[in-house]
Amino acid sequence: MTGTPASQPRVVTRPSVGRPVPRLEDLPLLTGAGRYLDDIELPELLHCAFVRSPVAHARIERIDVEAARAMDGVHAVLTLADLMPKLTSGRMPLGASPIKGENSSTPFVLADREVAYVGEPIVLVVAHSRYLAEDAAAQVQVDFTPLPVASDARAAMAPDSPLVRTELKSNVLNSFKVGFGDVEAAFAGAAHVFSDVLSQHRGCGHSMEGRGVLAEIRPGDELCVWSSTQMPHDLYYMLQTMLGLDQDALRVVTPDVGGGFGPKYCLYPEEVALPAAARLLRRSLKWVEDRRETFISSIQERDQYWSVEVAVDAEARLLGIRGSLVHDQGAYAPKPVNLPYNGATAMSGPYILPAYSMDVHVVHTNKVPVSSVRGAGYPQAVFAMERTMDLIAAGMGLDRAEVRRRNLIPPEQMPYTKKLKARSGAAMVYDSGDYPASQREALAAAGWDDFPERQKRALAEGRYIGIGMANAVKGTGRGPFESGVVRVGQNGKVSIFTGAAAMGQGLATALAQICADQLAVPPEDVTVISGDTSKTPLGLGGFASRQLVTAGSSVHLAARAVAEKAIRAASSILEVDEDQLELREGHVHVRDGNRSLGLGEIARMLRGAPGYAFPAGVDPGLEASAQWRTDSLAYANACHVVEVEVEPTLGSVEITRYVALNDSGRMINPMIVEGQVQGGIVHGIGNALYEFMGYDDSCQPVTTTFQEYLLVTATELPRLETIFRETPSPKNPIGAKGVGETGTIPAAAAVISAVENALAPFGIRISQTPVPPQSLFRLIEAARQSQAGQPPRRKDLPDDQET
Amino acid sequence: MYEIELLINGRPFRGAAEARTTLADFLRHTLRLTGTHLGCEHGVCGACTVLVDGVSARSCLMLAVQADGAIVETVEGLAEHDGTLHPLQQAFRDAHGLQCGFCTPGMLMTLVELLRETPHPSEDEVRDAISGNICRCTGYQSIVDATLAVAGAAGTEGSEP
Amino acid sequence: MKPPPFAYFRPGTLDEAIAILGRTENAKVLAGGQSLMAMLNLRYVFPDALVDINDLFELSGIEIAPERIRIGAMTRQRRIELDAELYEAMPIFRDALKLVGHRQTRNRGTIGGSLCHLDPASELPTLALLLDAGIETAGPAGVRRIPVGEFITGYMMPGIGPDEIVTAIEFAPWSVAHGHAFHEFARRHGDFAVASAAVMVERDRQGVVTRCAIAIGGIGSVPQRHGAGETALTGSDGGPDAIAAALESCAGLDILGDFHGGPDYRLSVARTMLRRSLTAALARASERTQQA
Ligand code: FES
Ligand code: FES
């Protein structure tokens with residue numbers, strides 16, 4: 001029972017928030033009844049394929065589509081020139097931004113003069129089946145004149161570097177400085193200074209369902225665009241502009257989405273090309289990204305090069321950090337470039353840092369454009385910071401955890417203001433969290449203190465085991481708002497309409513739980529309608545681990561308003577004072593007595609009927625809308641501790657133990673939270689050891705199948721041990737913080753810390769991700785050669801473990 | 001075009017397909033059984049796993065014509081007609097063995113085969129069985145736990161159909 | 001990622017299959033399809049026709065005789081993995097097959113298909129080489145029995161004509177007291193090996209190695225017999241010196257670098273796999289010899 005103050009409606013119910021309620025989403029998905037983009041079938045639907053650039057940089061001399069057009073089953077073969085009559089611009093607008101118009105680095109709807117990465121779309125083929133469309137795409141002839149490429153972002157900064165696109169004056173898109181405090185003084189007064197150069201490689205999001213677009217021409221010329229996106233409203237606004245459509249002539253819907261992980265946060269050329277072509281041809285069109293297209297056209301992330309210098313006092317307390325960060329932006333910038341800003345501002349994480357200066361350079365290369373992949377700049381920042389912490393520990397002969405402990409922000413300083421600004425311009429204020437306790441708990445669970453003893457024993461047997469750790473803080477719940485409308489239906493069931501976008505995380509269940517508790521109904525009686533611009537006029541979508549915080553808060557407020565309204569209406573109808581009423585089991589009950597009114601009945605009365613009396617003092621409709629506004633973030637934190645065993649002759653790393661502490665504030669559904677953390681960790685393990693999106697020097701991608709680009713599978717993992725703290729966020733009405741990325745962010749840093757620790761006898765420093773076996777082997781061999789006293793060679797030892 | 005007849009989930013189906021049509025596309029687009037998913041179309045992700053004549057197969061690596069006359073089982077056939085979930089489906093729900101659900105049909109069909117062969121697998125056997133199925137969402141642990149829960153439950157009840 | 005168009009034949013007899021291959025330009029044999037179908041979907045290959053031999057039931061089956069074991073080319077990998085009699089006679093098959101892909105691919109993949117694909121890192125060609133197998137083919141000129149050493153002609157190049165079909169693999173079983181092992185290192189379970197080492201040994205009651213075969217996969221353009229290693233072991237006591245000599249002489253193998261690592265790396269992996277396989281096989285041989 002929840003007691004509530006007099007001013008609030010009295011609600012009597014067993015709360016569902018905080019319980020592992022089975023997900024409302026599951027039934028269709030388990031039985032094959034889910035409806036993902038490629039499952040949508042329409043009468044007379046035509047299928048599309050794209051001709052994509054096979055070269056990383058070239059001038060397009062000629063596009064010959066005649067042979068393709070002449071093929072059986074081919075409906076149309078379209079270049080940018082063909083689409084222009086239906087477009088207001090051939091160039092994409094800057095996504096997720098209020099800035100009107102294009103910027104000089106957004107992609108083109110289709111390339112017609114120049115291509116700047118392998119995979120850039122050039123021609124759209126429309127045919128009666130995808131098979132035929134691919135046949136025809138192979139027959140399109142494009143004549144290219146090759147142009148020089150810029151493949152390494154660091155080299156691409158040089159004034160004499162080849163330009164990524166000939167329209168550019170420089171490959172440097174943007175340079176800025178992030179910092180505060182007197183860095184010079186910090187270094188001048190330092191007891192120790194350490195420095196490192198770190199690099200992190202790009203990977204892909206690889207949701208198991210790729211992207212996809214379906215443009216449906218409806219009677220009356222309405223255009224309905226289905227897209228597997230995290231951003232239906234952004235697409236809606238963008239398409240209005242790009243296609244020059246009135247708002248009522250367009251609708252954007254997201255069907256079931258088979259995972260997002262960042263890449264579906266972007267708006268893509270295909271999402272404009274298909275609707276434009278559909279309007280041109282007056283036919284409904286479908287395009288589904290296949291896996292090879294994912295590799296060469298979906299957003300990738302994490303190529304960054306950090307040079308870091310740290311100044312500490314004699315007690316290993318941080319005095320200052322300075323350095324530079326080069327961010328590889330790929331060929332275009334489809335959105336405002338926020339990842340390096342995220343990274344540069346997030347570096348100091350949970351630590352107290354008096355002075356900071358980071359020079360950031362955002363540089364184009366002839367590779368797939370870069371935007372967010374799960375973590376969005378944070379994994380790199382945490383990697384840089386946590387590797388620096390290990391460096392300090394090694395340099396000063398201190399325990400790695402101890403160095404961190406001395407620098408963590410203590411709980412009594414919460415809320416803690418970092419001397420930095422968030423992207424909204426608001427001050428960066430950590431709202432809550434107990435970082436030292438988090439670290440303590442994680443270390444205790446993982447047996448950190450006993451480890452050196454175990455490590456010594458293992459080494460005596462010739463086994464290289466190691467332990468590592470990483471802390472992370474992630475700003476979640478980015479605003480400015482998310483929409484939430486709660487409406488009671490005529491049958492008493494409740495619907496939530498939100499602009500938040502479901503992409504498999506269990507959003508509907510969590511929102512239903514929040515709503516259910518306010519209205520004293522079971523969560524199963526709540527449905528959630530999301531990702532449909534005709535049902536929800538306002539919305540942002542899925543990014544920055546934001547949706548539960550923002551949409552959840554709106555739904556919470558709206559549901560409470562509905563509860564108040566129901567009680568007010570019942571008071572008027574039943575002629576009983578409001579304080580005599582309570583909401584219980586979907587009914588407003590008179591507390592002393594057995595009179596009650598169901599929510600459905602109240603909804604019927606509040607819909608109004610001609611000639612009938614209307615309850616006094618209430619507005620029509622048993623519904624409420626809330627757009628909870630925020631400019632601040634809710635900061636979640638995590639501490640991961642990892643144990644590994646390394647086999648030096650193979651360069652192989654086996655993760656033998658993984659302990660993750662996560663604090664994402666109040667957990668609406670702990671089962672869902674745990675699932676997010678586990679999935680996130682595995683993504684981070686992939687970044688540390690497996691996932692490598694390779695390009696050769698001519699910027700040809702060399703990993704374009706799942707045989708070459710390795711995703712982590714079930715056999716490569718230990719059981720993941722998760723621990724949860726729940727420090728509520730004071731910044732939102734539900735106390736929650738986001739959890740979608742906190743599993744990923746510290747994972748690579750923790751794994752690499754453990755690998756380095758395992759190889760301590762070789763004195764190896766690892767400053768990169770990923771470290772595939774051959775790289776590790778090379779590091780070990782180099783260390784062996786430069787080492788005077790060699791550790792025992794494995795070949796003299798008894799047989800070791802099986803692979 | 002080839003006329004293809006087959007038994008899917010106990011019901012006869014027929015349809016026409018080009019020689020090159022994969023079994024996956026035939027199921028999904030010709031027969032409209034869209035529960036079987038395509039995650040890679042090159043035989044690595046396992047999303048397209050169905051049972052053909054009782055054994056698991058990647059339906060992106062089979063031609064539809066090759067399934068002529070076959071007995072095929074897909075995710076659509078797992079639950080009872082009255083909607084009662086298959087124990088494995090129920091366990092997935094209880095243990096949060098799915099998030100976006102895209103890998104789920106392939107996971108389920110692979111594990112159905114495993115549990116028919118090995119009703120009480122160890123954790124390692126479960127992980128080995130799904131080593132050819134990629135899930136980007138869950139980190140696999142909840143899928144493993146769901147499977148072990150079914151195996152455990154079947155054991156305690158001792159009820160083998 | 002849809003296959004390009006092709007003509008499709010599904011002959012009911014071997015003769016018919018050979019006849020179709022003989023009269024069809026640019027035809028490919030479709031066995032289990034676990035490599036070919038992926039290459040078709042990726043449009044890496046453009047055959048004009050596929051000759052599907054899945055209806056040639058006579059090509060499927062395992063026959064075990066004291067002098068000779070015969071495995072039909074269309075026998076599914078998983079059937080070979082699970083076959084109890086074969087396991088009894090030659091347990092190395094199960095060890096090797098557990099490392100081949102995943103259960104879904106082994107359910108359809110065949111031994112003949114794997115031999116013809118001839119990926120240097122795949123397990124079955126390495127095993128065939130280890131066992132000095134004969135590869136039986138049928139073609140317009142009749143049946144041929146090709147020694148595996150001649151069958152493996154180069155990187156992914158089986159020594160058969162375009163109108164020939166592999167029908168079976170045959171080899172002589174080893175004594176009941178043999179020891180075996182198949183170890184490999186792959187990035188993930190089920191992936192192609194960075195390096196693999198397959199070992200068969202026989203020892204006498206004194207522990208002297210009387211017979212030894214070693215095959216190394218994954219490191220070169222084709223799987224290789226490690227003759228120097230075999231020499232080092234044969235006649236030795238199977239002790240650390242013999243093993244060390246076998247590992248040392250791996251440097252003489254043909255080793256290529258690729259995306260998964262340079263030659264020095266692959267050599268190191270091959271050595272570790274060989275050390276594991278030798279250790280395990282020698283121990284098993286001792287154990288079985290004592291039991292026998
Ligand atoms: S779609 Fe068949 S294995 Fe990925
Ligand atoms: S649940 Fe999304 S891929 Fe497995």
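The model is predicted, and the values below are computed from it.

Chain A contains 20 helices and 32 strands. The C-alpha atoms of chain A fill a box of roughly 95 × 75 × 55 Å along the principal axes. A compact globule with 803 residues would have a radius of gyration near 28 Å, and the 28 Å of chain A therefore agrees with that rule.

Chain B has five helices and five strands. Their order along the sequence is β-β-α-β-β-β-α-α-α-α. The radius of gyration of chain B is 16 Å, close to the 15 Å given by the globule rule for 161 residues, so chain B is as compact as a globular protein of that length. The C-alpha trace of chain B spans about 50 × 30 × 25 Å along its principal axes.

In chain A, 65% of the 803 residues are buried. In chain B, buried residues make up 65% of the 161 residues. Of the contacts in chain A with a separation of 6 or more, 79% are between residues 24 or more positions apart. In chain B, 54% of the contacts between residues at least 6 apart in sequence join residues at least 24 apart.

The surface values are as follows. Chain A exposes about 27,000 Å², and carbon and sulfur atoms supply 51% of that area. Chain B has an accessible surface of about 5,200 Å², with 51% belonging to carbon and sulfur atoms.

## Aromatic pairs

A pair of aromatic rings is described by the distance of the centres and the angle of the planes. Over all chains, the count comes to 16 aromatic pairs. In the pair A:Tyr430 and A:Tyr635, the ring centres are 4.5 Å apart and the planes are at 40°, so the pair is tilted. A:Tyr430 is in strand β20 (residues 427-430) and A:Tyr635 in strand β29 (residues 634-647) of chain A, so this pair ties together parts that are 205 residues apart in sequence. Under 20% relative accessible area counts as buried. A:Tyr430 is therefore buried, at 2% relative accessibility, and A:Tyr635 is buried at 3%.

A:Tyr464 and A:Phe762 form another tilted pair, at 5.2 Å centre to centre and 35° between the planes. A:Tyr464 belongs to strand β21 (residues 464-476), while A:Phe762 is in the loop between α19 (747-758) and β32 (768-769) of chain A, so the pair ties together parts that are 298 residues apart in sequence. Both A:Tyr464 and A:Phe762 are buried.

Ring pairs also link A:Tyr416, A:Tyr430, A:Tyr435 and A:Tyr635 into a cluster.

| Residue | Relative accessible area | Class |
|---|---|---|
| B:Val150 | 11% | buried |
| C:Thr126 | 0% | buried |
| C:Pro240 | 68% | exposed |

B:Val150 is located in helix α5 (residues 141-157) of chain B. Leaving out residues up to four places away in sequence, B:Val150 touches B:Pro87, B:Leu88, B:Ala91 and B:Leu115. B:Pro87 is 63 residues from B:Val150 along the chain, and their C-alpha atoms are separated by 6.5 Å.

C:Thr126 is placed in helix α8 (residues 123-130) of chain C. With residues up to four places away in sequence not counted, C:Thr126 touches C:Pro120, C:Phe182, C:Ser196, C:Ala198, C:Ala215, C:Ile216, C:Gly217 and C:Pro223.

Is C:Pro240 buried or exposed? C:Pro240 is exposed, because its relative accessible area of 68% is over the 50% cut-off. C:Pro240 lies in helix α11 (residues 240-248) of chain C. From C-alpha to C-alpha, C:Pro240 and C:Thr279 are 9.2 Å apart in space and 39 residues apart in sequence.

Note on methods:
Residues are numbered from 1 along each chain as its sequence is written. Chains are lettered from A and ligands numbered from 1 in the order in which they are written. This is a predicted model: local features need pLDDT of at least 70, side-chain atom pairs count only at pLDDT 80 or more; totals for chains, interfaces and linings use all residues. Side-chain values use heavy atoms; hydrogens and water are left out. Helices (H or I, at least four residues) and strands (E, at least two) are DSSP runs, numbered from the N terminus. The radius of gyration is taken over C-alpha atoms; the globule rule is 2.2 Å times the number of residues to the power 0.38. Buried means under 20% relative accessible area, exposed over 50%, partly exposed in between (1.4 Å probe, protein chains only). Contact means heavy atoms within 4.5 Å. Accessible areas come from the Shrake-Rupley method with a 1.4 Å probe; for residues, only the protein chains shown count as cover. Rings of Phe, Tyr and Trp (its six-membered ring) pair if their centres lie within 6.5 Å; planes under 30 degrees apart count as stacked, over 60 as edge-to-face and the rest as tilted.
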